[in-house]
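Thank you all for coming.

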Amino acid sequence: MKFAGPRPIAGLVLVLTAVAALAVTGCSMVSDAAKSDTARAKVGECINVREGSPADSKTEPVDCSSADAVYTVKSSSEKKQDCGTEYSSYEETFNGGTTAYLCLAPNLKQGSCYHDDKTTGFSVAECDSTEATVKVVKRVDGQSDEFLCDANSTFLTLSDPKTTFCLANPKS
């Protein structure tokens with residue numbers, strides 16, 4: 001009677017390891033394939049909000065120099081995380097679990113108008129439209145200081161990256 005020596009067992013272990021690695025990679029690829037373009041955005045890339053909704057926002061990645069680049073991706077994770085009070089969040093789920101969680105920093109453009117909703121965040125709006133609720137009258141990069149805005153405007157400040165947005169009513 002012959003017994004299997006160490007070589008066949010070592011080969012079997014290698015085959016099982018390869019199958020396990022393929023299964024893990026395959027699951028990861030399926031999970032990544034299920035993600036939207038927004039969910040696959042990397043830190044530093046920008047996002048446009050075409051339609052805000054607490055349950056099903058319509059978003060898309062855009063070039064950061066675009067007028068539609070309302071947010072910059074500050075962090076990205078496959079689990080929920082605390083984005084802090086300065087930043088908005090974007091969560092994408094699949095089969096009941098979180099597949100992507102982005103923290104988003106406002107990337108508002110000076111002279112542009114936006115619809116600002118406490119639930120859904122900022123989205124681009126024409127300044128003369130009824131949708132427009134704020135206009136960026138001044139944007140200061142490199143400083144986070146509410147006193148850079150005049151008394152007739154409100155402000156939004158970010159600590160990282162340091163940015164000050166001075167906001168006003170677009171109708172005035």
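Let me begin with Cys-46, which is buried because its relative accessible area is 1%. Please keep in mind throughout that what you see is a predicted model. Cys-46 forms a disulfide with Cys-64, with a sulfur-to-sulfur distance of 2.1 Å, and this link connects distant parts of the chain, since Cys-46 sits in strand β1, residues 46–51, whereas Cys-64 sits in the loop between β2 and β3, 18 residues apart.

In total the model has 4 disulfides, and if the bonded cysteines are numbered in sequence order, the pairing reads 1-2, 3-4, 5-6, 7-8.

Another of these joins Cys-83 and Cys-103, whose sulfur atoms are 2.0 Å apart. Cys-83 belongs to the loop between β3 and β4 and Cys-103 to strand β5, so this pair ties together parts that lie 20 residues apart in sequence. With -80 degrees about the S-S bond, the link of Cys-83 and Cys-103 is left-handed. Both ends count as buried, Cys-83 at 13% relative accessibility and Cys-103 at 3%.

That brings us to strand β5 itself, which spans residues 97–106 and is mostly covered, with 8 of its 10 residues buried. Which strands does β5 pair with? Strand β3, residues 71–77, runs antiparallel to β5 and is joined to it by 6 bridges, with Ser-76 standing opposite Leu-102. Strand β4, residues 88–94, also pairs with β5 in the antiparallel sense, over 7 bridges, and there Phe-94 has Gly-97 as its bridge partner. The hairpin of β4 and β5 has 2 residues between the strands, and in this hairpin Asn-95 takes a positive phi near 55 degrees.

Within strand β4 I would also point to Glu-92. What does the side chain of Glu-92 make a polar contact with? Its partner is the side chain of Ser-36, at 2.5 Å. Glu-92 is buried and yet has no salt bridge, the nearest side chain of opposite charge being that of Arg-40, 7.1 Å away.

Leaving aside neighbours within four places in sequence, Ser-159 is in contact with Glu-86, Tyr-87 and Ser-144. Of these, Glu-86 is 73 residues away in sequence, although the C-alpha atoms of Ser-159 and Glu-86 are 7.9 Å apart in space, and the side chains of the two residues are joined by a polar contact of 2.8 Å.

I will finish with the disulfide between Cys-149 and Cys-166, where the sulfur atoms are 2.1 Å apart. This pair again links distant parts of the chain, with Cys-149 in the loop between β8 and β9 and Cys-166 in strand β10, residues 162–168, 17 residues apart. The torsion about the S-S bond of Cys-149 and Cys-166 is about -85 degrees, so this disulfide is left-handed. Cys-149 is buried, with a relative accessible area of 11%, and Cys-166 counts as buried at 1% relative accessibility.

Methods. Residues numbered from 1 in each chain as written. Predicted model: local features only at pLDDT ≥ 70, side-chain atom pairs only at ≥ 80, totals over all residues. Heavy atoms only, no water. Buried < 20%, exposed > 50% of the residue type's maximum accessible area, 1.4 Å probe, protein only. Helix = DSSP H or I, 4+ residues; strand = E, 2+ residues; numbered from the N terminus. Pairing = 2+ DSSP bridges. Lys, Arg positive; Asp, Glu negative; His and termini not counted. Salt bridge = Lys/Arg side-chain N within 4 Å of Asp/Glu carboxyl O. Polar contact = N/O pair within 3.5 Å; in protein donor to acceptor, adjacent residues only side chain to side chain. Contact = heavy atoms within 4.5 Å. Disulfide = S-S within 2.5 Å.
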